[in-house]
Amino acid sequence: MCHTLASLLFAQSPPYLSPPRPMGAHGMWHSPASWSKARAHTGSTCMAPSGIAATPEKKLGFEFEPSPWGDFFIEYEPKPLQRSEEWMVTRADKLKEDVHMMFNTSNSTEGMFLLDTIQHLGIDHLFEEQIHNTLSKILENKLTSSASLHEEALRFRLLREHGYWVSPDVFNKFKGEDGTFKKDITSQPSGLLSLYNAAHLLIHGEPALEEAISFARHHLELVSSSLKSPLAQQVKRALHRALPRSCKRVETLHYISEYGEEEGHNPVLLELAKLDFNLLQHVHLKELKAITEWWKNIYDHIGLSYIRDRVVESYTWAYVIYYERWFELPRIIIAKMMLLITILDDTYDTHGTIEECRKLYEAVQRWDESAVSLLPEYLKKFYIELLRTFKNIEGEMPVDINYDIAHLKKAVQNNVTGYLQEAEWSHKNYKPRFIDQVNLTSLTVGAPTVCVSMMAGMSDTIMKQALKWTADVPDVVVAAGKIVRLMNDIAAFERGKCNNDVASSVDCYINEYSVTSDVAIARIGALMEDEWRTLNQARFGNRVLLPAMQRIISLALSASFIYDNRNDAYTASKHLQKTIEGLFIKPM
């Protein structure tokens with residue numbers, strides 16, 4: 001189901017006329033099915049640090065932490081690698097030929113393990129045709145009755161990840177007559193890990209997979225302390241966050257360093273993974289330098305000292321969604337949109353008076369240089385830069401890319417509509433119900449804007465369709481936004497409120513249902529689980545749009561990286577430093 005943003009965000013009339021009336025009845029949380037009906041009034045940046053924007057007439061001073069990176073990536077010159085880039089490219093091409101031969105000579109089971117390893121090492125983008133053929137082979141050839149739990153679970157996960165339906169009944173052969181899993185599989189830790197990861201691709205109404213997760217988790221916890229490397233580390237990471245819920249590129253960092261320890265590892269795959277990572281690192285460093293220079297010029301020019309200086313973090317967030325070499329365009333657009341809506345969000349959250357917020361809303365809706373006269377002096381330079389950035393993106397768009405930037409402009413306008421609604425709530429001391437708060441802030445967290453930005457990476461055959469579909473805010477975009485928002489709010493709650501914060505979703509839940517913070521966070525976790533199942537279900541819809549859906553799902557996966565361990569690493573960016581060093585500074 002898709003929803004026009006007009007219906008979601010008051011596009012037909014000024015949003016500050018009156019606060020929305022509570023939705024639903026009897027104080028009950030809406031079911032996932034009813035969320036789509038309850039989405040009026042819905043929608044902080046990319047991924048803003050708190051719940052609803054606070055805009056009292058006079059705000060207490062608040063300063064975000066300065067960027068830990070400064071001009072580092074402008075000035076940084078990576079150390080020369082042991083081999084020249086030309087040699088690395090030639091060597092990588094030779095290794096790719098070797099891998100092609102592996103695919104061509106493998107049966108369906110061998111191809112299944114090869115595919116899994118290639119995905120885990122982060123080099124699957126080099127073998128799209130071979131992967132397509134291998135998946136067809138896996139789909140056509142069911143495993144024999146003697147297949148191990150590890151094999152059956154791996155087949156299940158790979159097919160579901162790629163949008164092919166597999167019934168959970170395939171695990172029935174590992175159950176006894178009483179319908180519970182047999183005890184003999186508890187002595188197979190690799191099989192339990194594979195089952196645990198596979199079962200996290202469950203959709204709504206699959207209790208058998210819920211049981212599988214519980215069973216596998218219990219027995220993995222029992223044996224985790226006795227496992228050897230690298231399985232021990234892989235189990236530890238999975239128990240923290242299952243593989244289908246983890247950020248792929250960050251997982252690749254871990255796995256490349258571990259793969260050489262695996263019994264029977266393939267040295268060709270490991271060498272290719274390291275070469276590809278290092279070659280890509282040079283590409284990404286050039287982009288980081290360019291966007292840091294762009295941001296430094298804007299940041300110095302607009303002179304807004306109250307905003308978060310997060311260009312490296314924004315690029316990193318875009319990178320983990322689109323890391324492949326040929327996706328520079330969506331990477332840069334995503335990063336720039338994150339930075340622009342961060343400025344908007346911080347203005348509404350921490351600085352602007354209610355009158356200034358209303359004027360900024362009006363100017364953004366007009367989207368014309370003449371509207372600059374509406375704004376207070378301190379916002380005029382930013383407004384001109386906002387319009388100029390969009391003109392530059394449009395002007396620099398390759399002629400063979402059929403990307404209509406009007407959809408992106410509308411997404412930003414709707415983001416601002418949501419920010420103003422939050423500001424009006426705060427100004428009127430209106431305390432929304434939990435459902436109303438989540439429905440609004442799951443869109444103002446920036447998901448629709450980022451998802452529309454992502455569509456710049458779609459192939460020409462589906463770009464127009466994918467862009468229109470995404471701009472209409474389908475359920476998969478809303479689900480991704482809710483996961484980002486709820487993870488964000490839990491991190492903000494754990495961090496503690498700053499002076500300008502008002503009620504987050506955690507606060508609203510505690511207040512509405514009179515529960516402790518632990519109970520509220522646990523229940524919000526269960527609601528996030530519903531959204532993960534919605535995302536899993538989306539893979540089995542329109543196969544033409546599967547590439548778009550997979551990227552939108554990757555936005556939700558990126559939240560597990562940005563908000564890991566209940567930290568908001570976008571705002572408190574010290575939590576990202578080690579990972580950023582691993583991604584961009586340290587070669588493999």
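Six helices, α5 (108-121), α6 (128-140), α7 (149-161), α11, α13 (311-321) and α24 (546-562), each give at least two residues to the lining of the largest pocket. Helices here are DSSP runs of H or I with at least four residues, numbered from the N terminus. This is a predicted model, in which local features need pLDDT of at least 70 and side-chain atom pairs count only at pLDDT 80 or more, while totals for chains, interfaces and linings use all residues. Residues are numbered from 1 along each chain as its sequence is written, and side-chain values use heavy atoms, with hydrogens and water left out.

**The largest pocket**

- The largest pocket holds about 1,400 Å³ of space. A pocket is an open set of points on a 1 Å grid over the protein atoms alone, where a 1.4 Å probe fits, with protein on both sides within 12 Å along at least five of seven lines; lining residues have an atom within 4 Å of a point. The points are joined across faces, edges and corners, and the volume is the space filled by probe spheres set on them.
- Its lining has 41 residues, and Asp124, His162, Lys248, Gln550 and Arg551 are the closest to the centre.
- Helix α24 provides the largest share of that lining, with eight residues.
- By type, the lining splits into 18 nonpolar, 12 polar and 11 charged residues. Here Ala, Val, Leu, Ile, Met, Phe, Trp, Tyr, Cys and Pro count as nonpolar, Asp, Glu, Lys and Arg as charged, and the others, Gly among them, as polar.

**The nonpolar core**

- The largest nonpolar core has 188 residues, of which Tyr403, Met454, Leu555 and Phe584 touch the most other members. Such a core is a set of buried Ala, Val, Leu, Ile, Met, Phe, Trp, Tyr and Cys residues joined through side-chain atoms within 4.5 Å.
- Helix α12 makes the largest contribution to this core, at 15 residues.

- His265 sits in the loop between α11 (248-259) and α12 (267-302). His265 counts as partly exposed because its relative accessibility is 29%; buried means under 20% relative accessible area, exposed over 50%, and partly exposed in between (1.4 Å probe, protein chains only).
- Not counting residues up to four places away in sequence, His265 touches Tyr259, Gly260 and Leu270, where contact means heavy atoms within 4.5 Å.
- A polar atom of the His265 side chain lies 3.2 Å from the backbone oxygen of Gly260.
- Thr117 is 148 residues from His265 in sequence, yet their C-alpha atoms are 9.3 Å apart in space.
- Leu81 lies in the loop between α3 (72-75) and α4 (85-105) and is partly exposed, with a relative accessible area of 26%.
- Beyond its neighbours within four places in sequence, Leu81 is in contact with Met88, Asn278, His282 and Pro587. Leu81 and Asn278 are 197 residues apart in sequence, with 8.9 Å from C-alpha to C-alpha.

- Gln365 lies in helix α15 and counts as partly exposed at 25% relative accessibility.
- Leaving aside neighbours within four places in sequence, Gln365 is in contact with Gln413, Val416 and Thr417.
- The side chains of Gln365 and Thr417 are joined by a polar contact of 3.4 Å. A polar contact is a pair of N or O atoms within 3.5 Å; within protein, one must be able to donate a hydrogen and the other to accept it, and residues adjacent in sequence count only if both atoms are side-chain atoms.
- Gln365 and Asn414 are 49 residues apart in sequence and 8.6 Å apart in space, C-alpha to C-alpha.
- Asn415 belongs to helix α17 (residues 406-427) and is buried, with a relative accessible area of 3%.
- Asn415 touches Leu443, Thr444, Gly446 and Thr449, residues up to four places away in sequence not being counted.

**Backbone details worth a look**

- The peptide bond from Ser229 to Pro230 is cis, with omega near 5 degrees, and Pro230 lies in the loop between α9 (207-223) and α10 (231-240).
- Trp367, in the loop between α15 (354-366) and α16 (377-396), has a positive phi near 50 degrees without being a glycine. Trp367 counts as buried, at 14% relative accessibility.
- Asn565 is another non-glycine residue with a positive phi, about 55 degrees. Asn565 is in the loop between α24 and α25 (577-585) and is exposed, with a relative accessible area of 52%.
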